[in-house]
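Please open the model in your viewer and keep the selection tool handy. We will go from stop to stop, and at each one you will hear what to select and what is there.

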Amino acid sequence: MRYPETYSASIEQPEAFWRDKASWIDWFEAPETILSRRADGHHDWFPDGRLNTADLALDAQVRAGRGDQLALIHDSPVTGTIQRFTYAELTARVAHFAGALRDKGVGPGDRVILYMPMIPEAVIGMLACARLGAIHSVVFGGFAAHELAVRIDDAKPRVLLTASCGIEVDRVIAYKPLVDAALEESVHQPEACIVCARPQANAELQAGRDFDWAGLEAAGQAVEPVPVRATDPLYILYTSGTTGKPKGVVRDNGGHAVAMRYSMAVVYDASPGDVFWAASDVGWVVGHSYIVYGPLITGCTTILYEGKPVKTPDAGAFWRVCAEHGVNVLFTAPTAFRAVRKEDPEAEELSRYDIRCLKRILLAGERLDPTTHAWLSDKTGLPILDHWWQTETGWAICCNPVGIEKLPTQPGSAGVPTPGFDVAILDASGQPANPGEQGQVAVRLPLPPGCLTTIWGDDARFRHAYLDPVPGYYYSGDGGYRDAQGNVFIMGRMDDVINVAGHRLSTGEMEEVVAAHPAVAECCVIGVRDELRGQVPVGLVLLKDGATIAADDLEDALVEMVRQRIGAVACFQRAEIVERLPKTRSGKILRRVLRDIADGEDYAVPSTIDDPGILEDIEKRLHS
Ligand code: COA
Ligand code: AMP
């Protein structure tokens with residue numbers, strides 16, 4: 001079947017469509033019911049099926065004869081090491097570590113938080129939770145202690161997994177002091193904290209609470225995968241919303257496994273035995289879906305890369321990894337290649353490596369700008385494929401469905417709707433927009449398998465944020481349009497979420513931090529276009545009457561506050577003092593206008609502004 005027929009089948013007969021895809025994976029009890037609707041309107045995929053996600057990612061692969069095939073390659077230029085694990089070896093490590101977790105009381109439904117660098121133990125920890133039917137929640141290592149504390153209090157984990165340090169290029173970042181600070185701040189206290197010791201840093205262990213990973217794993221009895229219901233949660237992944245409080249996106253086991261297997265085939269055209277590399281971090285959804293679960297459930301070899309696209313040691317790093325491990329499919333964020341292009345515009349490094357193994361490069365996480373698209377295509381001669389998705393969906397909403405048929409690519413477009421996603425562009429009144437007309441991008445319910453099922457502990461927020469804005473649809477928060485051929489163009493967020501170097505951050509959260517400075521009366525943080533990172537946050541600050549602080553001192557203080565409270569990853573480096581902030585009559589800050597000014601777009605002066613000089617002043621400051 002070609003794309004149009006496949007897509008129509010997925011939308012018109014979703015149950016028949018997904019019943020077939022469900023048969024691609026090994027169930028303990030195959031589902032009879034494919035889709036059911038609860039009284040509260042939520043949908044459940046495969047509600048009577050039973051499975052175990054770690055079984056699919058490990059044991060099922062060994063059963064299929066892939067025990068001696070490489071499952072995981074840890075390539076770490078920052079430590080100068082490469083470690084390889086076959087499916088049989090990874091299964092054994094996970095089974096024993098699951099035994100260690102069980103010894104610490106972890107069972108089905110318990111939460112385990114991971115605050116880990118990009119080391120094999122991060123993958124082992126996630127899969128060990130899945131094996132026990134426990135729910136993992138990985139917190140990105142670039143977040144500060146406070147962010148970790150917020151997540152500990154929300155997820156209430158029984159156990160916390162960490163390592164003695166992470167390594168940022170040549171800087172060792174001790175993790176244990178951050179964990180200790182988070183645990184001092186959080187109300188909830190996990191019963192145990194398991195620390196993976198790395199040679200680059202020692203971690204002080206608190207007797208009775210902290211335990212050495214290697215010792216526990218060695219003593220752990222191997223555990224068999226525990227069957228869980230398809231609808232039981234596999235993980236919680238916190239993501240930025242429009243308020244300071246992150247949203248705990250909940251993903252189930254069954255729908256997720258089916259979606260992972262299907263997307264590997266259709267979106268990436270990856271087959272068992274292929275080497276798949278998602279150059280991201282396990283702390284982000286890309287890491288969950290396409291470093292860990294997608295490739296392993298498909299029987300691929302996955303790469304866990306502890307390094308950067310540049311500086312570890314040079315702009316040839318990505319090409320080196322592809323050549324050395326025979327990577328067939330590469331997936332990363334456009335910003336990674338913008339960093340490479342900046343350092344090596346002629347791609348001279350590429351000529352040092354044989355990357356004929358590479359069949360295609362996929363990009364997501366932010367808009368793939370046509371310049372980066374053209375550069376990559378020109379230098380590699382490979383298909384360069386944009387695809388659009390979100391933490392909430394867990395897999396691509398729009399893509400070039402290369403596993404079905406490769407469609408012509410339209411630079412600037414994220415592709416066509418992926419089978420399963422009934423994508424609609426809606427105008428302000430919730431009606432379908434015409435081709436070429438910008439609107440909000442929504443997905444008609446039910447969402448396909450693998451998408452979020454709720455917000456952890458806050459179903460009302462789930463409804464409010466995603467289902468209530470347009471009844472019958474999932475509200476994505478992105479704006480965009482569709483051309484006459486059906487290609488979807490995603491133009492950016494319609495809310496206060498920004499994307500910095502492919503990292504999703506909330507300006508609302510940064511505003512809470514900036515507003516806490518004693519000299520600040522009012523502030524607004526906006527995302528300003530940046531050549532390397534796509535966007536960077538900039539604070540516009542109104543001082544309290546009588547405040548005398550110098551602009552540079554205030555900026556330094558605010559930069560440090562955001563680093564301490566949210567983390568270096570926020571890249572908050574600039575604050576401008578302004579005389580006034582533009583507002584609506586009801587007193588709301590006119591963010592849309594500010595965003596347009598920041599992006600250098602034409603803007604209309606709103607009628608609520610009596611003095612257009614305010615906007616000119618801000619424009620001058622932002623572009624000085
Ligand atoms: N632990 C601790 N600190 C971290 C961290 C981690 N896991 N990840 C990032 N940081 C820190 C960095 O050290 C840096 O700190 P600094 O301000 O003290 O230098 C800060 O957070 C910003 O990090 P980053 O945005 O990564 O900047 P960079 O200059 O180190 O690298 C890029 C720039 C473009 C090379 C890098 O952002 C990149 O590779 N992006 C790809 C994004 C990606 O993979 N996104 C995932 C979605 S697909
Ligand atoms: P995250 O939840 O971190 O994956 O971020 C999701 C957000 O990133 C989306 O809502 C978009 O705003 C943006 N995004 C992801 N992929 C793309 C893409 N291919 N094109 C444009 N924006 C994207």
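Select Val569 and ligand 1: a backbone N or O atom of Val569 lies 3.3 Å from an oxygen atom of ligand 1, a polar contact in the sense used here (a pair of N or O atoms within 3.5 Å; within protein, one must be able to donate a hydrogen and the other to accept it, and residues adjacent in sequence count only if both atoms are side-chain atoms). On its own, ligand 1 exposes 940 Å², and the protein buries 83% of that; such accessible areas come from the Shrake-Rupley method with a 1.4 Å probe, and for residues only the protein chains shown count as cover.

A word on what you are looking at: this is a predicted model, where local features need pLDDT of at least 70, side-chain atom pairs count only at pLDDT 80 or more, and totals for chains, interfaces and linings use all residues. Residues are numbered from 1 along each chain as its sequence is written, chains are lettered from A and ligands numbered from 1 in the order in which they are written, and side-chain values use heavy atoms, with hydrogens and water left out.

A polar side-chain atom of Lys308 lies 2.9 Å from an oxygen atom of the ligand, and one of Arg563 lies 2.7 Å from an oxygen atom of ligand 1.

Now move to ligand 2. Which residues come nearest to ligand 2? Of the 15 around it (those with a heavy atom within 4 Å), they are His387, Thr391, Asp478, Arg493 and Arg504.

- Gly365: a backbone N or O atom is 3.0 Å from a nitrogen atom of ligand 2.
- Asp386: an N or O atom in the side chain is 2.8 Å from a nitrogen atom of ligand 2.
- Asn499: an N or O atom in the side chain is 3.0 Å from an oxygen atom of ligand 2.

For the last stop, select Arg93 and Glu121. Their side chains meet in a salt bridge, 3.1 Å from N to O (a side-chain nitrogen of Lys or Arg within 4 Å of a carboxyl oxygen of Asp or Glu). Arg93 sits in helix α4 (residues 87-103) and Glu121 in helix α5 (residues 120-132), so the pair ties together parts that are 28 residues apart in sequence. Helices here are DSSP runs (H or I, at least four residues), numbered from the N terminus. The whole structure holds 42 salt bridges.

Notes: Helix = DSSP H or I, 4+ residues; strand = E, 2+ residues; numbered from the N terminus.
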